[in-house]
Amino acid sequence: MDKYETAKSASPNRYADSGEVPQNTVDRAFEPGIAAPDGTFVFVKNPSDAGLADIYEMLVKELGTNVAPFEVLKSVYRYNPLSFWGIYRSADERRTAPALGGFFAYLPLNEAGNAALKAEKLDGRNPNLAFLSKPGEDPVTLYLWAMVTPGLGNVGFALNARAMGPDLFERTPIVGWISTQSALDAVKRSSKTKEYADAKIGSTFAITFPEHYRAQMRTMPIIEGKRPSGRKASRPKLEALLVSTPDQMAKVLAIRASVFMIEQNCPYDEEFDGNDYAGAHVLGLVGGEPAAVMRIRYFAQFVKLERLAVLPRYRRTLIAKQVVEHGLDICRRKGYRKMYGQSQTRLVSFWQRFGFKQMTKDKRLVFSDHEYVEIAGEIAPHHDPITMDSDPLVLIRPEGDWDKPGVLDLSAARPPTNPH
């Protein structure tokens, strides 16, 4: 938990997805929608070619002609479909005869694009495609190129998050540039940009979602659209297991070295801190491949969850959730009722999904180049915890496999022969 899986340069979380929690491989919902209070059905999807033309018509109508040419929009959309999302209204969830109600247009920037943005060298009228992340590659920043969401801003962002994949949306900064008076007015009105009361045309801004809004989004009852045949995304199997062999331990160490030592430049002695044989490790697999790890250390009255790491290519899956939940199940079975951790402030919202809350200690905690806060929570009791009154053979079974006979159960069938 101390470092989670993101790089040092990652920006603060803004949106804690709906029950992520995000997805089995990319909890990207297909055309996520919801029944609106007015009786219509609102949903978000990538537009068709004709739909993109409709979006451009709305863009010019609402923002004027001083926008990127239509051919540029088509070029960006062809390069990465993450860039355009139409917001549609229909009579019901069948989505027949949908009408365009608004849209989001992003430039999904890579490292070079993010640097260009900071240096004010990003050309919004004709962006360099080399500055954009490739399809399937997580952007460093989502530049809000344009948006028109009359009366649909809140629900639109929430559905857009589900369409992109909540985990990606959660940890990717959304920033924009105020180019028109209407955009300036919208920024000043929005609760998500309230710190920009003194903004003006030409200012930049960042979208931040208040906690109550994130909580609402986590429970939004969306309805997915029907995927066209042949386009249904395959979902690799997600597994989490308690490490019990040298081979599994080697995978744990390899993931941690890749994430913390290489990606976050953590010194070896700080990452491998002498505690790896003082606790337990949970290994997460995606399609059989090692993807994520977490360490658990047991204390007299509580457990500490730490060293959660996910390899970059698996960060848009539900494997982090599965690893944490599996670890907590182990702790519950062992009878623990309290959990503790140390989290970077920007990642507290992730841990809140599992019942953690920030502690009220007024102590600054800094190590390995990061500042942390202490978090703690209650663990729900298990209906059959392991105690000294449990079956003695259960107590000698492999850790975590208490419900199936182990090798020593089988040996009990032999009569005692030692000592002679």
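N265 sits in the loop between α8 and α9 (268–271); helices here are DSSP runs of H or I with at least four residues, strands are E runs of at least two, and both are numbered from the N terminus. This is a predicted model, where local features need pLDDT of at least 70, side-chain atom pairs count only at pLDDT 80 or more, and totals for chains, interfaces and linings use all residues. Residues are numbered from 1 along each chain as its sequence is written, and side-chain values use heavy atoms, with hydrogens and water left out.

Back to the backbone. N265 isn't a glycine, yet its phi is positive, about 60°. R307 also isn't a glycine and has a positive phi, near 55°, but R307 lies in strand β11. How open are these residues, and a few others? Buried means under 20% relative accessible area, exposed over 50%, and partly exposed in between (1.4 Å probe, protein chains only).

| Residue | Relative accessible area | Class |
|---|---|---|
| N265 | 57% | exposed |
| R307 | 4% | buried |
| C266 | 7% | buried |
| C331 | 0% | buried |
| L395 | 40% | partly exposed |

As for the cysteines, a search of the whole structure turns up 0 disulfides, taking a disulfide as a pair of cysteine sulfur atoms within 2.5 Å.

Now for the inside. A nonpolar core is a set of buried Ala, Val, Leu, Ile, Met, Phe, Trp, Tyr and Cys residues joined through side-chain atoms within 4.5 Å. The largest one has 48 residues, and M294, L305, I319, V323, V324 and W351 have the most contacts inside it. Elements giving two or more residues to this core include β8 (238–242), α8 (246–263), β11 (303–310) and α11 (348–352). The largest share, 7 residues, comes from α10.

What does V323 touch, leaving aside its neighbours within four places in sequence? The list is A240, V282, L283, G284, A292, V293, M294 and L308, with contact meaning heavy atoms within 4.5 Å. A second, separate core holds 26 residues, among them F104, L152, A161 and F205.

Some nonpolar side chains do face outward. L395, I396, V407 and L408 make a nonpolar surface patch with about 370 Å² of accessible area together. Patch residues have over 30% relative accessible area and no salt bridge, with nonpolar side chains (Val, Leu, Ile, Met, Phe, Trp, Tyr) joined within 5 Å and like charges within 9 Å. A salt bridge is a side-chain nitrogen of Lys or Arg within 4 Å of a carboxyl oxygen of Asp or Glu, and areas come from the Shrake-Rupley method with a 1.4 Å probe, counting only the protein chains shown as cover for residues. L395 itself lies in the loop between β15 (370–378) and α12 (407–411).
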